[in-house]
Amino acid sequence: AYQEYLGSQGIQVLSAAQLPPELAAIPHPPLVLFGRGSLAALAGPRVAVVGSRTPTRYGLWATAEVVDCLAAHRLTTISGMMTGIDLAVHQQSLQQGTPSIGILGFGFGQ
């Protein structure tokens, strides 16, 4: 039932053996990783950018500047899937045509 739901949503399930090396190297890596979209972004150089859920105007400006710099160096951005800086990272990455990975703190459909 859950696997059927994931498949219907285009969600892929990566096993522990398929995790990015940095994630597999942590003391307690996840047993599975859920992904949707192009998982090729997991293979290239990546940088996580996180921040406040209630950012200031300066925080939003600084986020755009950082993401623009990362995009110029062809780095994939990683952030959460919340409001504030997380959202700004993904929006700016999309504007720059840079791959962006959104991380959920829970499974899909929960």
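Residues are numbered from 1 along each chain as its sequence is written, and side-chain values use heavy atoms, with hydrogens and water left out. As the model is predicted, local features need pLDDT of at least 70 and side-chain atom pairs count only at pLDDT 80 or more, whereas totals for chains, interfaces and linings use all residues.

**View 1. Arg 46 in strand β3.** Helices (H or I, at least four residues) and strands (E, at least two) are DSSP runs numbered from the N terminus. Arg 46 is partly exposed, at 23% relative accessible area (buried is under 20%, exposed over 50%, partly exposed in between; 1.4 Å probe, protein chains only). The Arg 46 side chain reaches the backbone oxygen of Leu 42 at 2.6 Å, and a polar atom of that side chain lies 2.5 Å from the backbone oxygen of Gly 44. Beyond four places in sequence, Arg 46 touches Pro 20, Glu 22, Ala 41, Thr 76, Ile 78 and Ile 101 (contact: heavy atoms within 4.5 Å). Arg 46 and Ile 78 are 32 residues apart along the chain, with their C-alpha atoms separated by 6.9 Å.

**View 2. Thr 98 in the loop between α4 (85–96) and β5 (100–103).** Thr 98 counts as buried because its relative accessibility is 8%. Neighbours within four places in sequence aside, Thr 98 is in contact with Ala 71, Leu 75, Thr 76 and Ser 93.

**View 3. Gly 37 in the loop between β2 (32–36) and β3 (46–48).** With a relative accessible area of 44%, Gly 37 is partly exposed. Gly 37 and Leu 19, 18 residues apart in sequence, are 16 Å apart in space, C-alpha to C-alpha.

Note on methods:
Polar contact = N/O pair within 3.5 Å; in protein donor to acceptor, adjacent residues only side chain to side chain.
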